[in-house]
Amino acid sequence: MAVGVLALQGSFNEHIACLRKLGVDAVEVRKPEQLAGLSGLIIPGGESTTMAKLAEKNKLFPALREFGRSGKPIWGTCAGLIFLADRASGVKAGGQELLGGLDCSVHRNFFGSQLNSFEVELPVPALASQEGGSTTCRAVFIRAPAIFDVGPSVDVLAEYPLAPGQAVEVLLFFTSISCKILYLLSPACTRW
Ligand SMILES: NC(=O)CC[C@H](N)C(=O)O
């Protein structure tokens, strides 16, 4: 069975190329009917406000929510993660529609502008203990979001401790906790 990649905006080509390199049948999803028969869906990085507007224009929200409710796994990268979150802050005036389904609170552009983007070697213990691979993963934070809290259904695979002064436009008390960043997998996703 094929894995879909939401192809409205952002880095969908890169995700499709990775899947094909792994020998996975990957298809672009732009319309509700293209979700039929897929075994999972990836929502790529990009710009979540634009992605939400295009999803609305293409009448994708009901079908995407139904896909999630059916128990099929959905992976969100960066903007995709924002799109999947139940709660978002730091959004543009007027707000933005969220797909929801991942019980977490996310702050858009937490680390600042594109110029503040950075890379780090992030410890991910589950990679070694569950997958037998390396203990770290090269994490790329491009105008990245941060997750502040997660509900009981969410397994956190990696955390990024904030460097002093790294958080922008966020209340001080948030800076005293470590940030749960980027890739959170719900129990459904860990089966994938
Ligand atoms: N790398 C990314 O996907 C950035 C996400 C972007 N800050 C947003 O709001 O959607």
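**Close-up views of a predicted model**

**View 1. Val 3 and its partners in the neighbouring strands.** Val 3 stands opposite Ala 26 in β2, and its bridge partner in β3 is Gly 40. Strands are DSSP runs (E, at least two residues) and helices likewise (H or I, at least four), numbered from the N terminus. Strand β1 (residues 3–6) pairs with β2 (residues 26–29) in the parallel sense over 4 bridges, and with β3 (residues 40–43), also in the parallel sense, over 3 bridges. Two strands pair if DSSP finds at least two bridges between them.

The structure is a predicted model, in which local features need pLDDT of at least 70 and side-chain atom pairs count only at pLDDT 80 or more, while totals for chains, interfaces and linings use all residues. Residues are numbered from 1 along each chain as its sequence is written.

**View 2. The two faces of strand β1.** In a regular strand the side chains alternate between the two faces of the sheet. In β1, Val 3 and Val 5 are buried on one side, and Gly 4 and Leu 6 are buried on the other. A residue is buried if 20 or more other C-beta atoms lie within 10 Å of its own, exposed if 12 or fewer, and partly exposed in between, with C-beta atoms placed from the backbone.

**View 3. Helix α1 between β1 and β2.** Together with β1 and β2, helix α1 (residues 12–21) makes a right-handed β-α-β unit. Right-handed means that, with the strands pointing away from the viewer, the path from the first strand over the helix to the second runs clockwise. Phe 12, His 15 and Ile 16 are the buried residues of α1. They line one face of the helix because, seen down its axis, they fall within an arc of 100 degrees, taken from the directions from the axis to the C-beta atoms. Their cover includes β1, β2 and β3, where contact means C-beta atoms, placed from the backbone, within 7 Å. The face of α1 turned away from the buried side carries the exposed residues Asn 13 and Lys 21. Gly 23, which follows α1, has a positive phi near 80 degrees.

**View 4. Gly 100 in its loop.** Gly 100 lies in the loop between β5 (85–89) and β6 (102–107). Gly 100 counts as partly exposed because it has 16 C-beta neighbours inside 10 Å. Its C-alpha atom is separated by 9.1 Å from that of Gly 68, 32 residues apart along the chain.

Key. Contact = placed C-beta atoms within 7 Å.
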